Amino acid sequence: MMTTARSPAQTAPSIRPAVVTGVVCLALAAVVAAMSSLNVAIPEIARATRATSTQLAWIIDAYSLVFASLLLPAGAIGDRFGRRRTLIAGLTIFGAGSAVAMTAHSAGELIGLRAVIGLGAALVMPATLSTITGTFSSEQRTRAVSVWAAVAGGAAVLGLLVSGLVLEIWSWPSVFGLNVVLAVTAIAGTIRFVPESADHDSPRLDLGGALLAVVGLVALVYSIIEAPSQGWGSARTLIGLAVGLVVLAGFVLFERRKSNPMLDPRIFARRGLASGSLTIFVQFFSFFGFIFLVLQYLQLVRGDSGLVSAVSMLPMAAAMMPTARLAPALAGKLGSRVPIIAGLVLIAAALVVLSQLTGTSGYWLVVAGLVPLGIGMGLAMPPATSAITSALPASQQGVGSALNDLSREVGGAVGIAVLASVLTATYQSHLPAGAGAARASVAVAAHIGGAVFAQAQTAFADGMQLALRIAAGIVVGAAIGVAVLLRGPATTPDQG
């Protein structure tokens, strides 16, 4: 196993783990919040840019597509050339892209700039976690990873809240302005407090593996995102999925033959890493799919404002963040198997509760689902994250962090695509034949009003109910898979 070559700054007594954790978590919060916060501003962006529904989808998804596709090579770049340097470079691209986006006047400009912002985020996210795992001692690392996991889960909800608040005062460019403020603050903190960590003796960057990973993931994630509009059975979707899977299979074969691969596929034989990756994927499949559905439900079915709908999500963050701080201690006593499985079961139960929502449901039913959802994510995320990063040597912590983030981002993209497809199909099938333009979306039906809108609200709730039940079933399947993978003696987060 190769050891991380640290600069003198890393061993100096001036390193303050709590401050370093705070700075990297601020950077993490910026890129996580950017993933969800723009959803609140979509109605205003549509009015300002006259964007079509497809363009609006891509304003959201261009970020995730670039983000997910570049995570693995971005993590390897941090390991090779320095995680602090990579963090600063990523924050600079993220902040600059957001600043330019504030001046955009068309949907096309916003789509391109969201892709640029996603490039910056891909450099930032693995560097945040690998700075923790590659710099801190074992005891410090366990505490810091639990904080990182809590921020990774809670920042999406807090991003919605802050965006809803600034939209009450300013217009949609203010959401991008928030990105700029966070990026500048995180850059200053990184320069002042974060030590450099890298393995300068590590192998040269695996360009062939990086190219195959990027091409395969772009083809796969693009096809998944487009599937709801193109149709899951269309030739375009099936060919795109097939190309992505074939290229990724080629990536696996290519990496197996490399003496120093960017990501050795054989590491997935380690039960801890495999179970951790599955857990993170399924958690964010359900989480981002749920956020996508419920924000529309709150605003278009219940009639809440963007700010009120964002505030409505706070019980989930309030339950998640303290639970994530306690999860490492629980995993240390009982092994990672218990909190991961318990967390997944709670997530599935929460989705079943939320699937009972109708157009006339009270907010208490939303809270009854949000609290166990937050507790479940807080229980499962820290031990799953630790299981992934601890399976790799110190010289590959950037790749390990990227693998964690990749499981998260691809899971989120797939969750939005699958649950949106279920929602759309059910919504359209439950509308009467004469619904006309309302079949496009419940937002269009809101402009029509009257009986058509009432029918659309009911149809939307029906589609959301089915989608959330399907998500619950998938989470239960993942819990069973983790139980099988981690059967036998208790497995702690530091065991592969």
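The exercises below, each with a worked solution, concern a predicted model.

**Exercise 1.** Work out how helix α2 is oriented relative to helix α8, and which residues bring the two together.

*Solution.* Begin with the general idea that two packed helices are described by the angle between their axes and the distance between the axes. Helix α2 covers residues 17-36 and helix α8 covers residues 173-193, and their axes come within 9 Å while crossing at roughly 155 degrees. Because angles over 145 degrees count as roughly antiparallel, α2 is roughly antiparallel to α8.

**Exercise 2.** Carry out the analysis for helix α5 and helix α8, ending with the classes of the residues in contact.

*Solution.* The axes of α5 and α8 come within 8 Å, and they cross at roughly 155 degrees. It follows that α5 is roughly antiparallel to α8, and the crossing of α5 past α8 is left-handed. From α5 the contact draws on Arg84, Leu87, Ile88, Leu91, Thr92, Phe94, Gly95, Ser98, Ala99 and Ala101, while α8 contributes Phe176, Asn179, Val180, Ala183, Ala186, Ile187, Thr190 and Ile191. By class, the contact between α5 and α8 has 12 nonpolar, five polar and one charged residues.

**Exercise 3.** Find how many salt bridges the model contains, and describe the surroundings of the residues in them.

*Solution.* With a cut-off of 4 Å between nitrogen and carboxyl oxygen, the count comes to two salt bridges. One of them joins the side chains of Arg85 and Glu196, at 3.3 Å from N to O. This pair links distant parts of the chain, for Arg85 belongs to helix α5 (residues 83-101) and Glu196 to the loop between α8 and β2, 111 residues apart. Glu196 has 12% relative accessibility and therefore counts as buried. In the salt bridge between Asp304 and Arg302, the N to O distance is 3.4 Å. Here Asp304, at 17% relative accessibility, counts as buried, whereas Arg302, at 29%, counts as partly exposed.

**Exercise 4.** Decide whether Thr128 is buried or exposed, do likewise for Met464, and list the contacts of each residue.

*Solution.* Thr128 lies in helix α6, which spans residues 107-135. Its relative accessibility is 0%, so Thr128 counts as buried. Setting aside residues up to four places away in sequence, Thr128 touches Val24, Ala27, Leu28, Leu87 and Trp148. Met464 lies in helix α18, residues 450-485, and with a relative accessible area of 1% Met464 is buried.

**Exercise 5.** Locate Ala425, classify its accessibility, and state how far its C-alpha atom is from that of Gly463.

*Solution.* Ala425 is found in helix α16, which runs over residues 397-430. At 48% relative accessibility, Ala425 counts as partly exposed, because the class of exposed residues begins over 50%. Finally, Ala425 and Gly463 are 38 residues apart along the chain, and their C-alpha atoms are separated by 7.6 Å.

Definitions and conventions
Residues are numbered from 1 along each chain as its sequence is written. This is a predicted model: local features need pLDDT of at least 70, side-chain atom pairs count only at pLDDT 80 or more; totals for chains, interfaces and linings use all residues. Side-chain values use heavy atoms; hydrogens and water are left out. Axes are lines fitted to C-alpha atoms, for helices over the stretch in contact, and angles run from 0 to 180 degrees between N-to-C directions. Helices (H or I, at least four residues) and strands (E, at least two) are DSSP runs, numbered from the N terminus. Angles under 35 degrees count as roughly parallel, over 145 as roughly antiparallel, 65 to 115 as roughly perpendicular and the rest as oblique. Contact means heavy atoms within 4.5 Å. Buried means under 20% relative accessible area, exposed over 50%, partly exposed in between (1.4 Å probe, protein chains only). A crossing is left-handed if the near helix is turned anticlockwise from the far one by less than a right angle, and right-handed if clockwise. Ala, Val, Leu, Ile, Met, Phe, Trp, Tyr, Cys and Pro count as nonpolar, Asp, Glu, Lys and Arg as charged, and the others, Gly among them, as polar.
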